[in-house]
Amino acid sequence: MEAHPFATAPADSPTLDSLPVEPLLTSEFDADPGGVYARLRRTHGPVAPVGLMGVPVWLVLDYREVLEVLRNESVWRRDVRYWRARAQRRLPPDWPLLAGYEVRQTMFMDDEEHLAARQTHHAAMRPFQDGHTPQGWELRATVARYADELIGMLAAESGTAGFADLGAQYTRPLLLMVTTKLFGCPVELGDELVMDLWRMLDGGPDAGPATGRALAAMTRLAAHRRARPGDDLTSYMLLADPELSDEQLGRELFMNAVYLNDITGNMVLNTLLEVLRGNATVRRSLSAGQLGETVNRAALVNPPVANMCFRFAARDVRLGDFWIRGGDIVSPSAAAAHRDLIAIGASHMVGSTVSTRAHLGWGAGPHQCPSAARELGGMIVTTAVGRIFDHLAKAELTLPADQLPWRSGPVVRGLRLLPVRYELTGSVGRGVGGGPRWETDAAVGEPVVSGGDGQQVKGLLGALRRMMFGTR
Ligand code: HEM
């Protein structure tokens, strides 16, 4: 890749608007994104013009070019105000992806403003980062306990052997419960929040209102914790930067909620899938306790942030076989770059020296996932996956792996569901993790929790509430 620091694009080089583009988000992309990336690469080289819901975007496909865009912030800016088509009001007024990008928070800032905001996140997450602080230790114990309780609930609902969707019955509620705990929410965050985050990320027709609802919920939480500080991330963010208004803090929490629920949730499901696929190496590495390696492998094969958030060119620059004009929009694709990396790894030249750790699942450069957040996300994923395989004597997919339904948006790719046939080990019936015992009340067929004081809570919601808040 050549650097042309002060060059301008030759007048006869094609502009993004002048090129024919193929729409990216098709049913083919849903089923086989790798095939689509490969075709785009053959046709256009390392950078390809594509259509995203009617708007042309440069999709960056090769590892080297993706790294360049992620790392070089003087050329590739995050602030949406650099986008020429937006500044010139040439976007469709209801373009569904704009709502998310107009939310001004850390991810869409540059330079000093970005560094300061990132520092606030870092300071606020530090107490939870590892198990050496009381907060970090408690969070770890809580994630393991929630996971155990959900597995116990599965046993109560479906029996010690049966069928389950590890998305809806395990991963999604687990991440919601963890968010509620970490953020210090006074009431549980419902499924509706997750659905709103999905609606925004996928750019559906109601992305705008969904973004508004999720932001409003997080702003209310910010106001609540300002009035009643606690031992939670929201309160620590205020401690790190007391100048944050409720609206600003709400926006930062909103972004964290996306990472914690959708991205971390997809990482849990993708790692579970890697193990369930029956790949012998993966199963062996799990039994040898190398869960971290399995997570890296899952991130390489299926990174949840498949296509990173947009960057905007600060000036004309050559990338791949094209001249990108100042103000153009680019989307660096981790998923496509990983195909490139896997191919490099398979070549004679590099051989086994390409590590699964070279994946871009956490991003790269100044906007990569902050180290404290990576620790946190990694801990949640390994705990969630580790606990479930601790308690499953047997588990197998009920659909062939290539028929599993995926949700492929402009940014995120994740499993819609993960259906399994399972058999639990005996430990679940005896009460896992030292938590309450779960039985089925034969008379009503609903899960029943036997608390230490003998009081019982019936029904799924009551049980969830009890797990999270100890209400009876
Ligand atoms: C396994 C789970 C996770 C994965 C795979 C992941 C991945 C990523 C990626 C790829 C980026 C960069 C996006 C880009 O450059 O366009 C990022 C940024 C970020 N992540 Fe994570 N993340 C995870 C968990 C978390 C968690 C749990 C939190 C917080 C609670 C978090 C907070 C953040 C923040 C604040 C940024 C923005 C940093 C910036 O713009 O400077 N992440 N993450």
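Predicted model: local features only at pLDDT ≥ 70, side-chain atom pairs only at ≥ 80, totals over all residues.
Reader: How many helices and strands are in the chain, and what share of its residues is buried?

Author: The chain contains 17 helices and 16 strands. Of its 472 residues, the buried share is 55%.

Reader: Is A299 buried or exposed?

Author: A299 belongs to helix 14 (residues 291–301). Buried means under 20% relative accessible area. A299 has a relative accessibility of 3%, and therefore it counts as buried.

Reader: Which residues does A299 touch, not counting residues up to four places away in sequence?

Author: A299 and N270 are 29 residues apart along the chain, and their C-alpha atoms are separated by 7.7 Å. With residues up to four places away in sequence set aside, A299 touches M267, H338 and H359.

Reader: How is helix 12 oriented relative to helix 14?

Author: The axes of helix 12 and helix 14 are 9 Å apart, and the packing angle is about 105°. Angles of 65 to 115 degrees count as roughly perpendicular. Helix 12 is therefore, relative to helix 14, roughly perpendicular.

Reader: Which residues make the contact of helix 12 with helix 14, and how do they divide by class?

Author: Helix 12 contributes M267, N270, T271, E274 and V275, while helix 14 contributes T294, V295, R297, A298, A299 and V301. By class, this contact of helix 12 with helix 14 has six nonpolar, three polar and two charged residues.

Reader: How is helix 11 oriented relative to helix 12, and what is the handedness of the crossing?

Author: The axes of helix 11 (residues 233–240) and helix 12 (residues 246–276) come within 11 Å and cross at roughly 135°. This angle makes helix 11 oblique to helix 12. The crossing of the two is right-handed.

Reader: Which residues of helix 11 and helix 12 meet, and how does their contact divide by class?

Author: From helix 11 come L233, T234, M237 and L238, which meet L249, E252, L253 and N256 of helix 12. The residues of this contact divide into five nonpolar, two polar and one charged.

Methods
Residues numbered from 1 in each chain as written. Heavy atoms only, no water. Axes fitted to C-alpha atoms, helices over the stretch in contact; angles between N-to-C directions. Helix = DSSP H or I, 4+ residues; strand = E, 2+ residues; numbered from the N terminus. Parallel < 35°, antiparallel > 145°, perpendicular 65-115°, else oblique. Left-handed = near helix turned anticlockwise from the far one by under 90°. Contact = heavy atoms within 4.5 Å. Nonpolar A, V, L, I, M, F, W, Y, C, P; charged D, E, K, R; others polar. Buried < 20%, exposed > 50% of the residue type's maximum accessible area, 1.4 Å probe, protein only.
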